[in-house]
Amino acid sequence: MHRPFQFIHRLTSVCGAVFAAAGLAFSGTIATAQAQLVDYSGLEASPAMWRLSDEDSDIYLFGTFHLLPPSLDWQTDDLRARLASSDALYLEADVQSDAAQARLQALVIQLGLNPQGVTLSSILDAEAVTLLANVAPTVGATPQMLEPMRPWLAQIVLSVAQMQTLGLDPEAGVEKALLAAIAGSDTEVGYFETAEQQIRVLADLPDEVQVRGFAEGLREMERTPAMLDEMVRAWAAGDVETIDRIVNADMREQTPEMYQALIVQRNQDWIPHIQTLLDGEGTVFVAVGAAHLSGENGVVELLRESGLIVERQ
């Protein structure tokens, strides 16, 4: 049985456009539930960073979290210095600009809504309908708000809402902070893929897979608080092995198709782009979801397999 939505919460370190689309889908419609804040201000964070270089180029690789608790101070002096010295910042996809937001809104309508006459509850079984009725209010939603949505989008909307009740905030995400840090400078900004490419990883799943996975995803939400806390702490500590275990290991074993599409194929697609950056001149700061840099199929190992020396900083 495919269970793709048990990994939705883990996408906070993988796919920024997915969360931006979800934010647009429920903006202004889901009430803000009482946040269950965890204070991370006492953590001495030092997220993982790597470097590869040649005679005229330096590339820094940094793993991101698309939503983070505002209390976590993760911007080390070393990270600020590396970013300030960079000629360009490369991210996964543009999800912040006005043009990107407009495109994401169109993608939500195109890829995230059910056909005319079809509602979410009409394609779920009775057990899933009951689960939805129980889970939705815990994150400030109602089943009625989600009726127009296809299962992939409805589950992500619920997941993002739950993360926000747990104190994770897209405004505190790494990409926003990095873009704010270079605002007004001469640093160029580039992207490896489009928001549509990211969203289609989930939107193009067969309908039966989406429906079958929806109830499992709702059950997974009961286990989210502990898992997210472990992920945040591991990321802050630079513990890439734990990130790989939480985000990638189950996906590799239980839904290899999802792992291949969401992680492996995208990692492989980025390697030529990074090699091209290295063939140029100057310093480039590359920031992509943390799960893409860890593990045997991660960007770091793929670069090493291509013969490049990649050193942990």
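Predicted model: local features only at pLDDT ≥ 70, side-chain atom pairs only at ≥ 80, totals over all residues.
Among contacts in the protein chain between residues at least 6 apart in sequence, what percentage join residues at least 24 apart? It is 85%.

Start with the whole chain. We have 313 residues, and 54% of them count as buried. The accessible surface is about 13,200 Å². Carbon and sulfur atoms account for 49% of that surface. As for secondary structure, the chain holds 13 helices and six strands.

Now the strands. Look at S1, residues 49–53, and S2, residues 57–64. They pair antiparallel, over five bridges.

S1 has another partner. That is S6, residues 311–312. Again the sense is antiparallel, here with two bridges. Tryptophan 50 sits opposite arginine 312 of S6. So much for the strands.

Next, helix H12, residues 256–279. How far does H12 reach from its first C-alpha to its last? The 24 residues span 33 Å, close to the 34 Å expected at 1.5 Å a residue. There is a bend, though, of about 30° at valine 264.

Valine 264 is also one of the buried residues of H12. Others on that list include Met258, Tyr259, Leu262 and Ile263. Further along come Arg266, Asn267, Trp270 and Ile271. Then Ile274, Leu277 and Leu278. On the spacing, remember that an α-helix has 3.6 residues a turn, so residues three or four places apart point the same way.

That's my tour. Over to you.

Conventions
Residues numbered from 1 in each chain as written. Heavy atoms only, no water. Pairing = 2+ DSSP bridges. Helix = DSSP H or I, 4+ residues; strand = E, 2+ residues; numbered from the N terminus. Expected span 1.5 Å × (residues − 1). Bend = angle between axes of the 7 residues up to and from the residue. Buried < 20%, exposed > 50% of the residue type's maximum accessible area, 1.4 Å probe, protein only. Contact = heavy atoms within 4.5 Å. Areas by Shrake-Rupley, 256 points an atom, 1.4 Å probe, with all protein chains shown as cover.
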